[in-house]
Amino acid sequence: MLSKTVEELYNRFRVHFYIQVFSKGNTLDDNLTSVEAFSLECIKALGEPTVAEFAKMMGISAPNAAYKVNALVQKGYIEKVQSQSDHREYFLRTTSKLNEYNKNSYEFLKKLVERCESRFSKEDIEKFDNMLGTIIEEMVPEVDPSHFKKSDRK
């Protein structure tokens with residue numbers, strides 16, 4: 001039963017994301033391709049990755065990653081920030097334009113949390129929050145963004 005429930009929740013989140021990506025009404029003046037939208041999601045999940053870290057997470061070559069990054073920089077969704085310790089290295093930072101693009105997704109999540117809080121007791125919400133935290137931290141190591149980061153970065 002749990003397996004089916006988790007699968008259904010996962011599918012609903014995915015479908016909502018796909019609706020956001022492919023909906024013409026939810027794009028800004030610079031239309032993102034689906035690959036660019038997925039790339040932005042990965043960059044955001046990683047925090048402020050280097051191009052090499054982004055490439056590693058996506059499983060693509062560094063030149064391919066650089067091409068995708070440059071397109072996203074041109075469209076204003078990310079910026080390159082030079083490393084203070086190694087001036088040859090740049091970190092990718094999302095911009096406020098991405099926050100605007102993701103606005104509907106965050107409104108969806110906020111609405112979901114509000115529905116949960118109105119339906120379940122405070123104790124159940126706290127237990128659920130703790131359970132989700134454990135799942136994120138301990139049970140899904142395969143997609144932990146820190147695994148794609150340099151181990152020597154602080």
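Start by selecting arginine 93 and glutamate 48: their side chains meet in a salt bridge, 2.7 Å from N to O. The term covers a side-chain nitrogen of Lys or Arg within 4 Å of a carboxyl oxygen of Asp or Glu. This is a predicted model, where local features need pLDDT of at least 70, side-chain atom pairs count only at pLDDT 80 or more, and totals for chains, interfaces and linings use all residues. Residues are numbered from 1 along each chain as its sequence is written, and side-chain values use heavy atoms, with hydrogens and water left out.

Stay on that pair and color by element. Arginine 93 sits in strand S2 (residues 90–94), while glutamate 48 is in the loop between H2 and H3, so the link spans distant parts of the chain, 45 residues apart. Helices here are DSSP runs of H or I with at least four residues, strands are runs of E with at least two, and both are numbered from the N terminus. Arginine 93 is partly exposed at 31% relative accessible area, and glutamate 48 is partly exposed too, at 33%. For those labels, buried means under 20% relative accessible area, exposed means over 50%, and partly exposed is in between (1.4 Å probe, protein chains only).

Next, pick lysine 75 and glutamate 36. Their side chains form another salt bridge, 2.8 Å from N to O. Lysine 75 is in the loop between H4 and strand S1 (78–82), and glutamate 36 is in helix H2 (residues 34–46), 39 residues apart. Is glutamate 36 buried or exposed? Glutamate 36 is buried, with a relative accessible area of 11%.

One more pair: aspartate 86 and arginine 88, with a salt bridge of 3.0 Å, N to O. Aspartate 86 is partly exposed at 22%, whereas arginine 88 is exposed at 73%. The structure holds five salt bridges.

Switch to cartoon and select helices H3 (residues 51–58) and H4 (residues 62–74). Their axes come within 9 Å and cross at roughly 110°. Axes are lines fitted to C-alpha atoms, for helices over the stretch in contact, with angles running from 0 to 180 degrees between N-to-C directions. H3 and H4 are therefore roughly perpendicular; the cut-offs are under 35 degrees for roughly parallel, over 145 for roughly antiparallel, 65 to 115 for roughly perpendicular, and oblique for the rest.

Then move to H1 (residues 2–22) and H6 (residues 103–119), whose axes come within 10 Å and cross at roughly 150°. That makes H1 roughly antiparallel to H6. On the H1 side, select Phe13, His16 and Gln20; on the H6 side, Asn104, Ser105, Phe108, Leu109 and Leu112.

Finally, zoom out. The protein has seven helices and two strands, running α-α-α-α-β-β-α-α-α from the N terminus. Its C-alpha atoms fill a box of roughly 50 × 40 × 25 Å along the principal axes. Color by accessibility and you'll find that buried residues make up 24% of the 154 residues. Of the contacts with a separation of 6 or more, 54% come from residues 24 or more positions apart.

Terms used:
Contact means heavy atoms within 4.5 Å.
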